[in-house]
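Dear colleague,

Please find below the structure that I am handing over to you. My findings follow directly after it.

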Protein chains: 2
Amino acid sequence: MERYCIGVDVGGTSVKIGFFKETGELLDKWEIKTRTENGGEAILPDIAASIKGKLAEKKIGREAVIGIGIGVPGPINKEGVVPHTANLGWGYKEVTRELTELTGISARGGNDANVAALGEMWKGGAEGCKNVILLTLGTGVGGGIIVDGKIVVGAHGAAGEVGHAHVDENISGHCGCGNKGCLEQVASATGIVKLAKEELAASDKPSLLREGEVSAKAVFDALKEGDALAERIVERFGKYLGKTVAVFTVVVDPEVVVIGGGVSKAGPVLLEYIQKYYVNCCYKATRNVRFALATLGNDAGIYGCAKLVLDEKGL
Amino acid sequence: MERYCIGVDVGGTSVKIGFFKETGELLDKWEIKTRTENGGEAILPDIAASIKGKLAEKKIGREAVIGIGIGVPGPINKEGVVPHTANLGWGYKEVTRELTELTGISARGGNDANVAALGEMWKGGAEGCKNVILLTLGTGVGGGIIVDGKIVVGAHGAAGEVGHAHVDENISGHCGCGNKGCLEQVASATGIVKLAKEELAASDKPSLLREGEVSAKAVFDALKEGDALAERIVERFGKYLGKTVAVFTVVVDPEVVVIGGGVSKAGPVLLEYIQKYYVNCCYKATRNVRFALATLGNDAGIYGCAKLVLDEKGL
């Protein structure tokens, strides 16, 4: 009998669902809306209904489904319990127990950034590796740590919260977490805009960035056009990241550091500016750590959720 | 039948050997000289002879010994192979295979700093925890990382090399590793002396440290006497450590950070100065990470080596 697994990546606005063969081949994927109203009470029933509908459509019995992996934007413990997830409206919620009851299929949960790291290890930029640091540079900076092929969850579910690494007390403003000087303040899309505005205000030099709206994409586009101010911005960004990643790598010594998220669309040039500073301050034994771009994009989460299920069953 | 395990901690000048019940009770410990001459060819035979002698003395057959764990000062892979260990004289060496052949008892190997972390988790400052960061502040700064009860080795055997975390490019001089700005340059016993000399040279203020030789111990002793200059030195030391440990904890999110090594003899005051800066820049979810002093001293290695053996056998 052909067997399948299902990956569910729950975000604040939509839920991505992927239908996989147990070999990792993605057969189908689709999205549904995340209905966060009324304490997010409809989220899990909506997911269950969508999965059941898909199984009916494909004429696949639920006994052919090995399991469902579900990624959530916040901490979730090994028992699949979420203490509180602000942007889904959830308070305390026994996510995997509820999803299992609703679908009749066993479910396993993980934090969304962590499962994305697992996905990139399984079928993405870190394929073939067992020790991985993923940094997701988007609106914020998230991350996931894989050691010996397994997600590092941590004692408080906070392992891999690399965006809140303290990098420089002189960074202006405050991070969303309340601290001052977090990596997220200078390495996220928002952080790059902040650095750009500082550089634009600090000089009168001409720059492509003085035309139109400043965005992380505009900065990297200008860099590719040889814009000197854009280069200065990306140097600062690369220095912060390179130096901080060099601290991460003495902790877990990965084979590969994968950079994902919207900012990573800038391409290989992004890695160049990070590595340039990384090699100058990394410990010699970690000098050959590979830097790679994430390749699964928004699908990393569903891949990682499917892998969670396979790992649990020892497949 | 009563069963035993043996922990062997190989250092550059002496080898510590511990004889344990499988419950973790240390029955006997002793030291032999590390003979590093002739490529360190006598080291493993000396260890084997010493173990055999002890078994004969105690009238214990080797079938009652579950295994031997051996810790070495350098990287060692899962197959128990050391590529090169400068301060033992070894080139490529199949440590666990040789030791097994010499003793007739199965052997397992680990890096000395990593097994010390395992020892502290098993019977020391981190007892009862599964996720631990150990920092050993001695002549240098070493460390070990434990995730879910297991040592993190890393892709190049460099996980836990926390002394070479890059903390500040403005630190004067170079680290033994060749880099500039490593934690070891400011948080080791040697680093504290360096900070002390800088502070003594930078002011004319009276200080107890102007009398006699400056050492890490003298700095902490002076601090306890209310010496203002000593306080300034310990503040700098605590700030470097607190800020850097806050980066480590977003990577692996441990239950406890254990501080060992000679510098930790300063006692709880050391933790106060680290935690004071830690809580100011750590990620909120890791704010309650406990800080503890190591309690096993020089025995941490033999305890960890014994635990390696028990873990391998699933005991």
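In strand E11 of chain B, B:Gly260 is the bridge partner of B:Thr136. This is a predicted model, in which local features need pLDDT of at least 70 and side-chain atom pairs count only at pLDDT 80 or more, while totals for chains, interfaces and linings use all residues. Residues are numbered from 1 along each chain as its sequence is written, and chains are lettered from A and ligands numbered from 1 in the order in which they are written.

The strand E8(B) and its neighbours

E11(B) covers residues 256-260 and pairs with E8(B) in the parallel sense over 5 bridges. Together E8(B) and E9(B) form a hairpin, with 3 residues between them. Within this pair, B:Ile133 stands opposite B:Ile145 of E9(B).

The contact between the chains

34 residues of chain A are in contact with 34 residues of chain B, where contact requires C-beta atoms, placed from the backbone, within 7 Å. On the side of chain A, the elements that give two or more residues are strand E9 (141-147) and helix H8 (228-252). The largest share, 8 residues, comes from H8(A).

The domains of chain A

Chain A is divided into domain 1 (4-118 + 299-312) and domain 2 (128-295), with bounds that come from an automatic or database domain assignment. The C-alpha centres of these two domains of chain A lie 29 Å apart. Between them, 11 residues of domain 1 are in contact with 15 residues of domain 2. On the domain 1 side, strand E7 (107-111) and helix H4 (112-123) of chain A are the elements that give two or more residues. H4(A) gives the most, with 5 residues.

Notes
Contact = placed C-beta atoms within 7 Å. Helix = DSSP H or I, 4+ residues; strand = E, 2+ residues; numbered from the N terminus. Pairing = 2+ DSSP bridges.
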